[in-house]
Amino acid sequence: MNIKKFDPNWWQEACNDISKNDPVMKKLIAKYSNNKLSSIRNPFFSLTKSIVGQQISVLAANAIWSRLENNYDILNGYVFKNSDIKKLREIGLSERKAIYIINLSEAMIGKNNYNYWKDLNNDEVFSTLIKVKGIGPWTIKMFLIFCLNRPDIFSVEDLGLLKAIGKNYLNGFTPDKNKAEHISSAWKPWRTLASWYLWRSIDPDIVLY
């Protein structure tokens, strides 16, 4: 997929700050220094991909997403319709997720514009998206991270992130949400960067939303 990507302008500053204060994060940053978070700044693409990835493995999500892209021009804002449900089920989506991306298509009419979202603060993004059936806190945080590249987002709802914290900080013991939130406070105001490198530690493949 040959599409333009944009890097966050705060990335290097965040790497420098966190590396000074956290030796574990310093090692992760050095190990995965060849890549960084980026965005294609396409809200509908990002949200649709997040819905596809809800509560399934990365491998399964990637397989379904590949088939979805081969059948629909999501990058250019294809509007899913009720008549697509059968085909979406054949591609591998559950009926619920098929309905979710149809709902999203309708909700994003007039809003599939990066400039519309970049001017909203995090709370405004949350209050706008939470109204769309099928979009919850995890999906909104993935959108804030991967599409809008906000610097201080941390998702305690992400099981992979909790697993990565356990692997790198707690001798393999996966923390509960409260413990993870407490640990993450040391990475403020760069929790997005910390999350990104923690994800790399359990899955080196780069995810593009």
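Visitor: Which residues of helix H2 are buried?
Guide: In helix H2 (residues 23-31), the buried ones are Met-25, Leu-28 and Ile-29. They lie on the same side of H2, because they cover an arc of only 100° around the axis. Buried means under 20% relative accessible area, exposed over 50% and partly exposed in between, with a 1.4 Å probe and protein chains only. The arc is taken from the directions from the helix axis to the C-beta atoms. Helices are DSSP runs (H or I, at least four residues), numbered from the N terminus.

Visitor: Where do these numbers come from?
Guide: This is a predicted model, with residues numbered from 1 along each chain as its sequence is written. Local features need pLDDT of at least 70 and side-chain atom pairs count only at pLDDT 80 or more, while totals for chains, interfaces and linings use all residues; side-chain values use heavy atoms, leaving out hydrogens and water.

Visitor: Back to H2, what covers its buried residues?
Guide: The cover includes helix H1 (11-21), helix H10 (159-169) and helix H12 (191-202). Contact here means heavy atoms within 4.5 Å.

Visitor: And which exposed residues are on the face turned away?
Guide: That face of H2 carries Pro-23, Lys-26, Lys-27, Ala-30 and Lys-31.

Visitor: New topic: how do H3 and H6 cross?
Guide: The axes of helix H3 (residues 43-52) and helix H6 (residues 95-107) come within 10 Å and cross at roughly 165°. Axes are lines fitted to C-alpha atoms, for helices over the stretch in contact, and angles run from 0 to 180 degrees between N-to-C directions. H3 and H6 are therefore roughly antiparallel to each other, a term for angles over 145 degrees.

Visitor: Which residues meet there?
Guide: From H3 come Phe-44, Leu-47, Thr-48, Ile-51 and Val-52, and they meet Lys-97, Tyr-100, Ile-101, Leu-104 and Ser-105 of H6.

Visitor: Tell me about Ser-105. Is that residue buried or exposed?
Guide: Ser-105 is buried, with a relative accessible area of 3%. Leaving aside residues up to four places away in sequence, Ser-105 touches Phe-44, Tyr-78, Val-79 and Phe-80. A polar atom of the Ser-105 side chain also lies 2.9 Å from the backbone nitrogen of Phe-80.

Visitor: Last one: which residues are buried in H8?
Guide: In helix H8 (residues 122-129), they are Val-125, Thr-128 and Leu-129. An arc of only 85° around the axis puts them on the same side of H8. Their cover includes H3, helix H7 (114-118) and helix H9 (137-146).

Methods:
Helices (H or I, at least four residues) and strands (E, at least two) are DSSP runs, numbered from the N terminus. Angles under 35 degrees count as roughly parallel, over 145 as roughly antiparallel, 65 to 115 as roughly perpendicular and the rest as oblique. A polar contact is a pair of N or O atoms within 3.5 Å; within protein, one must be able to donate a hydrogen and the other to accept it, and residues adjacent in sequence count only if both atoms are side-chain atoms.
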